Amino acid sequence: MKQILPLLLLISLIFTSCASEAPVQESEPDIVEPAPEPEPEAEPEPEVAEEPAEPEEETYEVSQELYDQTFEEIEELILELNSVISRKQYDRWLSYLSSTYKRTYNSREVLDGINQNSMLKDNGIVLTDLKGYFDWVVVPSRIEAPLNEIVFIGENQVIAYSSFKGKRAKLYELERIDGEWKITVW
């Protein structure tokens, strides 16, 4: 299982980074230093596929004050999520999800696509529902994910990024729904 965790992290990062393209933010906010990289394992790690360059799109500009306030809110949320995920509290995790996210990652079509990943196939893992996705993809890949940066997509839409092997990696697409940040997909 210890050897599977880094592989599942890669799977999750690849799938979440492909969910939608994030616009490039014109002014760079203060970025929290990334967590130190874990010590290398005895086996060589698989190569991470290069992500295509993100297209330059119009960004949603916010004041530094709003950015900082939102960053703190999202950072607190991610710390809560890390705790929930590390305890494998599936039912509690569901409360952090938008209905769109639940519908998307519980759909047969999306799960069948994720099941095509060789890491899952090689380990005999077949995802059949959102619970399986939580157990085999979310838990291994998000258990201690730090927040490094947020990018505003709209007034109530933010993409949270971490860093993996020195590269920017999407953690979550978040949307403020009824005054609360929820994990969502666009």
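Reply: Glu149 is buried, with 9% relative accessible area; buried means under 20%, exposed over 50% and partly exposed in between, for a 1.4 Å probe and protein chains only. The model is predicted, so local features need pLDDT of at least 70 and side-chain atom pairs count only at pLDDT 80 or more, while totals for chains, interfaces and linings use all residues. Residues are numbered from 1 along each chain as its sequence is written, and side-chain values use heavy atoms, without hydrogens and water.

Glu149 forms a salt bridge with Arg168, and their closest N and O atoms are 3.3 Å apart. This pair links distant parts of the chain, with Glu149 in strand S1 and Arg168 in strand S3, 19 residues apart. Salt bridge here means a side-chain nitrogen of Lys or Arg within 4 Å of a carboxyl oxygen of Asp or Glu. Strands (E, at least two residues) and helices (H or I, at least four) are DSSP runs, numbered from the N terminus. Arg168 counts as partly exposed because its relative accessibility is 32%.

Asn148 lies in the loop between helix H7 (130-142) and strand S1 (149-154). At 6% relative accessibility, Asn148 is buried. A polar atom of the Asn148 side chain lies 3.0 Å from the backbone nitrogen of Ser163.

Helix H2 covers residues 64-86, and its 23 residues should span 33 Å at 1.5 Å a residue; the end C-alpha atoms are 32 Å apart, which agrees. The expected span is 1.5 Å times one less than the number of residues. Lys88, which follows H2, has a positive phi, near 55 degrees.

The whole structure holds six salt bridges. One of them joins Lys131 and Asp135, with the closest N and O atoms 3.0 Å apart. Lys131 and Asp135 are four residues apart in helix H7, so about one helical turn separates them. Lys131 is partly exposed at 34%, and Asp135 is partly exposed at 28%. Another salt bridge joins Lys182 and Glu180, with the closest N and O atoms 3.8 Å apart. Lys182 is buried at 16%, whereas Glu180 is partly exposed at 48%.

Terms used
Polar contact = N/O pair within 3.5 Å; in protein donor to acceptor, adjacent residues only side chain to side chain.
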